[in-house]
Amino acid sequence: MQPSQISALAESIAWMLCSHAAHGMSTDSIKGVGEITLRDALIVAAASIGAKQKRAWLLSREIEPSGWTDAAVDLMIYRVSGATETLVGGTELKWWRQADVRNSSNRRTHLVRDFVRAAALYNMSESFAFVALLSITDSWTATTDTRGRDKPIVDKLKSTSSELWSLNQLIDCPSIRATVKALNGKVPIASSFRTKLAATCSLLDPTGVLCSARVWEVSKVRNSHWIEDPDEIAKYTAPA
């Protein structure tokens, strides 16, 4: 896929997620929107772009890549040629609807975990790996408003530029340590990867932004390595 085509897919996903959020707002049921519904939105967005670009894509929900023993990827797109299926790319999905501060660290960790998973998925893909987040504004604020040790992570999440994530440089961030501990032995963990905000859209009313969808493009850095050595893993899993 060309960069413009990848961008078009990211934008389609963001708008589709926002459209479901708009439906939830209109019926006063936004917090009741389920991730199953949003996974359907990923399928619809990908199908529309695939049709527009005249691509023979096979779209699959909740697929666990070969060699992984962690949770499945929310959307996988395969290019079909005869009997051959080639992984074009995949999308990890997160839905933030709660605004409690108590669980803000868990929400950050789960999103970071998806970034690390996406970096591994990128290495297996032909074109792209996305992380998509739909969030009500109160939840975004509660989750990203921190001056603690996760602040370097939050700064990257708020950035609209390309961001380098060197896990060694972020080793003091609780979300990084928890992610490495959770994924160790289950999913390949890249020592470095990049994220770039590929698309974003928001729902607004006279009071301000109500809900936003963000789609990041994630790529493994070429000179990065897989964190596999027990001594290196121990640096992340040892008590802070």
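Reader: Which residue lies over the face of Trp-140?

Author: This is a predicted model, in which local features need pLDDT of at least 70 and side-chain atom pairs count only at pLDDT 80 or more, while totals for chains, interfaces and linings use all residues. Residues are numbered from 1 along each chain as its sequence is written, and side-chain values use heavy atoms, with hydrogens and water left out. A charge sits over a ring if NZ of Lys or CZ of Arg is within 6 Å of the ring centre and within 35 degrees of the ring normal. At 3.6 Å from the ring centre, the residue over Trp-140 is Arg-214.

Reader: Which residues have the most contacts inside the largest nonpolar core?

Author: A nonpolar core is a set of buried Ala, Val, Leu, Ile, Met, Phe, Trp, Tyr and Cys residues joined through side-chain atoms within 4.5 Å, where buried means under 20% relative accessible area with a 1.4 Å probe and protein chains only. The largest such core has 38 residues, and those with the most contacts inside it are Phe-115 and Ile-176.

Reader: How are the rings of Phe-115 and Trp-165 arranged: stacked, edge-to-face or tilted?

Author: Rings of Phe, Tyr and Trp (its six-membered ring) pair if their centres lie within 6.5 Å, and planes under 30 degrees apart count as stacked, over 60 as edge-to-face and the rest as tilted; by this rule there are five aromatic pairs. Because the centres of Phe-115 and Trp-165 are 5.3 Å apart and their planes stand at 45°, the pair is tilted.

Reader: What is the angle between the planes of Trp-165 and Phe-193?

Author: Both residues are buried, since Trp-165 has a relative accessible area of 0% and Phe-193 likewise has 0%. Their rings form a stacked pair, with 5.4 Å from centre to centre and, between the planes, an angle of 20°.

Reader: With which side chain does the side chain of Glu-92 make a polar contact?

Author: Glu-92 counts as buried, at 1% relative accessibility. A polar contact is a pair of N or O atoms within 3.5 Å; within protein, one must be able to donate a hydrogen and the other to accept it, and residues adjacent in sequence count only if both atoms are side-chain atoms. At 2.6 Å, the side chain of Glu-92 meets this criterion with that of Arg-117.

Key
Buried < 20%, exposed > 50% of the residue type's maximum accessible area, 1.4 Å probe, protein only.
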